[in-house]
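Please examine the sequence and the structure below before reading the report.

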Amino acid sequence: MKVQLSAGEFYVQVSGHEGASPIVLLHGTNSDSSAWEQVVGGFGERFRVYAVDQRGHGQSAWTPTYSFEEMRDDLLELVEKLELGEFLLCGHSMGGTVATLFAERYADRLSGLILVDSPPPDGEGEWKVPERPDEEPGFDWEVLPAIFGQLAKPDPAWWDELPAIAVPTLILGGGSTSPVPQGKLVEVADRIPAARLVTIEGAGHAIQRTRPTEFLAAVGEWLRDR
């Protein structure tokens, strides 16, 4: 379905049982709602699933500017338009940072939070925008310099405000094969009051793609224990 927001039209893939509790899925950079295709059916057994194409990706609007804060604000406007009420929020990579910023400010809107191999940026590492390929990349290339710029110089408040996430939180790590320093996920779990860290060793960064069965099992166990 398409939803008209202030920034333009946004695409949302909707599935699962109508009337069930909602879950919103946010993909990473250079991707779209199809990033969840291996697990969306599993989520749909329990939830009404809303997999979003974020601005500049997939079938959603390409906009003049990009930032994590704008994507957070897109999400707020979207869930209000859809009248979701309280919902479970799940984000991977870039989408995990968007989800974190949303949870820091709007925890009262959430029933829980799932962060997939995604600590807030801390400015470490090199964030050089790759050379643009000759073929159409399938997303707005201007996303990369904007987001990479924030990854290189993040707002310290993103880490400082983690204790404000007053909802049950599951943090999934991809283990030693992930490019994300797994110790950062430990630090995030230590700062969020009701967080659980589960490492799926060898899964790498895109856990929902590489280990969908283990991903869903970890989420299911966490949901039962909340």
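S93 is partly exposed, with a relative accessible area of 21%; a residue is called buried under 20% relative accessible area, exposed over 50% and partly exposed in between, using a 1.4 Å probe and protein chains only. This is a predicted model, in which local features need pLDDT of at least 70 and side-chain atom pairs count only at pLDDT 80 or more, while totals for chains, interfaces and linings use all residues. Residues are numbered from 1 along each chain as its sequence is written, and side-chain values use heavy atoms, with hydrogens and water left out.

S93 lies in the loop between β5 and α3. Helices (H or I, at least four residues) and strands (E, at least two) are DSSP runs, numbered from the N terminus. Most residues other than glycine have a negative phi. S93, however, has a positive phi near 55°. E83, which is not a glycine either, has a positive phi of about 55°.

Strand β5 covers residues 87-92, and six of its six residues are buried, so the strand is largely enclosed by the rest of the structure. Both of its faces are covered: F87, L89 and G91 are buried on one side, and L88, C90 and H92 on the other.

Which strands pair with β5? Two strands pair if DSSP finds at least two bridges between them. Strand β3 (residues 22-26) pairs with β5 in the parallel sense over four bridges, and β5 pairs with strand β6 (residues 110-116), also in the parallel sense, over six bridges. C90 of β5 is the bridge partner of L25, and in β6 the bridge partner of C90 is I114.

V116 is located in strand β6 and counts as buried, at 0% relative accessibility. Contact means heavy atoms within 4.5 Å. Not counting residues up to four places away in sequence, V116 touches several residues, among them C90, G91 and H92, as well as W36, L172 and F215. The C-alpha atoms of V116 and G174 are separated by 8.3 Å, although these residues are 58 residues apart along the chain.

A nonpolar core is a set of buried Ala, Val, Leu, Ile, Met, Phe, Trp, Tyr and Cys residues joined through side-chain atoms within 4.5 Å. The largest such core has 48 residues, and V24, L26, F68, L89, F102 and L113 have the most contacts inside it. Helix α3 (residues 94-106) supplies the largest share of this core, seven residues. A second, separate core of 24 residues includes I23, V116, L170 and L172. Leaving aside neighbours within four places in sequence, the contacts of L89 include V24, L26, F102 and L113.

A search of the whole structure finds one cavity of 30 Å³ or more. A cavity is a set of points on a 1 Å grid over the protein atoms alone where a 1.4 Å probe fits but cannot get out, and its lining residues have an atom within 4 Å of a point. The largest cavity has a volume of about 70 Å³, a volume being the space filled by probe spheres set on the points. Its lining consists of F10, L26, V52, Q54, R55, M71, D74, L75 and L78. Helix α2 (residues 68-81) gives the largest share of this lining, four residues.

How values were computed. On a 1 Å grid over the protein atoms alone, a cavity is a set of points where a 1.4 Å probe fits but cannot get out, and a pocket is an open set with protein on both sides within 12 Å along at least five of seven lines; lining residues have an atom within 4 Å of a point.
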